[in-house]
Amino acid sequence: MLTPVNPTSLDRTSPPSRTDTGRTLDPELPEGVRIRMLRAVYGDPRAAAELLPRLTPRQAAGLDPLPTEPASLAPELLTRHRREIRALPDDTRLLLLLAAADQYPVATHAFLRAVAAARLDTRPLEAAETAGVAHAMAGGVVFRDAWTRIAAYETGSPADRRDVHRLLARVLRAEGETSRRSWHRGAGALGPSVRLTAELRTAAQQARDAGEHPLACALVERAAALSSDPREQSRLLNRAAGDAWQSGEGDRARRLAAATDSDALNGVFALRAGNAAEAFDALLTAVVRREPEESAASPNVTSPNAASSNPASLNAASLNAASPAAAPLTTGSPRIAAVPRTPAPDHAVHLLARATEAAVYTGDLRRCREAAAVASRVGIVPHGTLGGLAAAFEGRYEDARDLLKAAAGRCGPGGDPTLLIHAGIAALMLGDHTRATTATVRAAASARARGATVVVAQAMEFRAYAEFWTGHPRAAETAVADALWQAHATGQDNGACHLQAALAMFAALTGDGDVCRERAAAARSYALGRGLGLPAALAQWALAYLDLSSGRFAAAAARLRALAGFGPGHGHRAIRHLATPHYVEAAVHSGDTRIARAAHADYDRWARAVHSPDDLALSARCRALLAPGAEAVEHYRVALDLHAHGTRDFERARTELLFGGALRRLRRRTEARDRLHTSLEAFESFGAPHCAAQARAELRALGTPVTATALPTPGALAPTTRLTAQQLMVARMAADGATNREIAVRLALSPRTIDHHLRGVFSRLGIRSRIELVRLLAEGEAS
């Protein structure tokens, strides 16, 4: 049976369709603001156009939360809709009010039962159908759009609203409807009530336990409105902010939190969309103050941390402690010295985890040590992943390995998504991409099941990294592009910044220079303004790899040397370490190996400690590059033997390429040819044309004629096998009728880049028009 919901309203957990892109939106708006605006107004371009000039400069810049109440979003549009509703007969308006109260802001699906219980005549709904406002279906009333539904509710008098809520509460008696019954009882109350406040709090916890965070938020907000105790109101609003955040409603969460004074909430929000150093200070202060759980958002508020946004970022941070750790912070720190050594509650552990993430986000080793010192003083034992990070910072690589292995082992199904993500991070740090994929897939599934929308982007991102490095770049690119939209939509612009940098790296590896440079510029511009050393460094690495794969070795080495010199907020030891194999390659080709040898020594020490086949293989490759003449051959053989036991197929192909070049220079032509052909085939299958071009150049130097792989004729292969992931997304939206500007809004790219992609699509598919594109994609999907 159909339920009385509005199918035309925008699903706020999914990207808008092409009709929801809002042609009138200012292209200069930050992408996160634009996406959240469209979600807030249910994808209605009329409402978006009305809201845009009403934004303050800080809201338009993404610094302050956007409006969340309908009357603040599109008052003129609502006024017009209210006039339509008021023109209807009284009986019609009463039925529409009942239907709207049943659907907004909490869907309770009790309209038909309420109609039967009150013995209402539904024939007056015909007037609504005639006016085009709404129509009746077997399951209830379907409104023309979300704004009409809101207008139908707001047009009712306060007394009528209370009456319909009480009616709905009376009929909600089935198992599992307790929370929604409590909502209607609260909405039908006249004024403050201690009893109803307690009931709503209990109902909110039940909803929270069931993963219904939007419902829990509404219940706790109503409880706060019915409470006469200011301190309790503050605690309830904090809790509501936590539920709003978990459900992906970042603007609502920040507006609710503004009515309170919670270091924990402010720290979480700053971590996700503000200055990472300020986030660290607020979160560590919350740990020290032991804020009660009610004012700490939730012990399980998980922010897709930028430090963790790169699967190896924690790894690299650990691996790049170039010197032994400094002495622990002195007990003279006033913030730390007064903290008693007593066991900390679970929410303090989560807050410390967030503080550590903020420290790693900035790339500030001092802050990581400060977090470790506070953990020791308050009696917190950090989760294995974070403990492994701290151990690695101190140069205790063996201890770090053991802690990470323990953390990576906690990746069973149905677990806490936060712990599953940390298990995936630990597995990636250890080079176990299979386990990392399992953990992150399960984390995303668990987050969705629990209604923790805010966590999904992080889990998707880690899965993307695992897939990319194991030779699935198209799947990785698609996953990260989706995660980018999710991050923007949920108000996590810092996470979106890092995803932009990750997409820049993917573009570099697949040879798309224009996209790489555009993504990297966007990421660095945002990151440097907020002290986000991790995405700033990753964007720099992406540009360096683009140079490297294009044969611009001196430029690549210069970028990576500069990266090593950047301090907190501008660079990151993690990325510097991860880029070591690429820096060694660029340095050797440009004739500067002194610094490269020192960098390799530390990389090798970590690889031997964790005994990851892939890390050991890359270390052996570095050793081969640094070795003279024939001495390099055995190191390359060792590297390939180790790659055979690992999962980083892309780097294995690069090792084959470098080995083939070395063999050519030693005049071992037959084996060189075999190695180069193997690498060429791999790069072509990965969709990495720059690397494939290097392999062809080496083969031509051998005197072996090599031509570019001919593009398949139309119809020979399905379109999905001929296009990159990004090209396929662009092609599908273009075939659906979206303009270049609309596609640019959806993918957070410029119209110029979209035009570049479409030219590539037409070239690869051998077509000349969008009409042919529609036909070809339809045929491919049908087959």
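**Figure 1. Confidence along the chain of the predicted model.** The average pLDDT of the chain is 81. A score of at least 70 is reached by 85% of the residues.

**Figure 2. Close-up of residues 13–24, where pLDDT stays under 50.** For residues 13–24 the model has 29 contacts beyond four places in sequence. Where pLDDT is low, the predicted coordinates should not be read in detail.

**Figure 3. Close-up of residues 709–717, another stretch with pLDDT under 50.** Here the model has 14 contacts beyond four places in sequence. The caution on reading coordinates in detail applies where pLDDT is low.

**Figure 4. The hairpin formed by strands β1 and β2.** Strand β1 covers residues 134–137, and strand β2 covers residues 140–143. Two residues lie between the strands. β1 and β2 run antiparallel and are joined by four bridges. In one view of this pairing, histidine 135 has valine 142 in β2 as its bridge partner.

Figure 5. With neighbours within four places in sequence left aside, alanine 744 is in contact with Leu749, Ser750, Pro751 and Ile754.

**Figure 6. Alanine 744 and valine 730, shown by their C-alpha positions.** In sequence, alanine 744 and valine 730 are 14 residues apart. In space, the C-alpha to C-alpha distance between alanine 744 and valine 730 is 8.9 Å.

Note on methods. Residues are numbered from 1 along each chain as its sequence is written. This is a predicted model: local features need pLDDT of at least 70, side-chain atom pairs count only at pLDDT 80 or more; totals for chains, interfaces and linings use all residues. Side-chain values use heavy atoms; hydrogens and water are left out. pLDDT is the predictor's confidence in each residue, from 0 to 100. Contact means heavy atoms within 4.5 Å. Two strands pair if DSSP finds at least two bridges between them.
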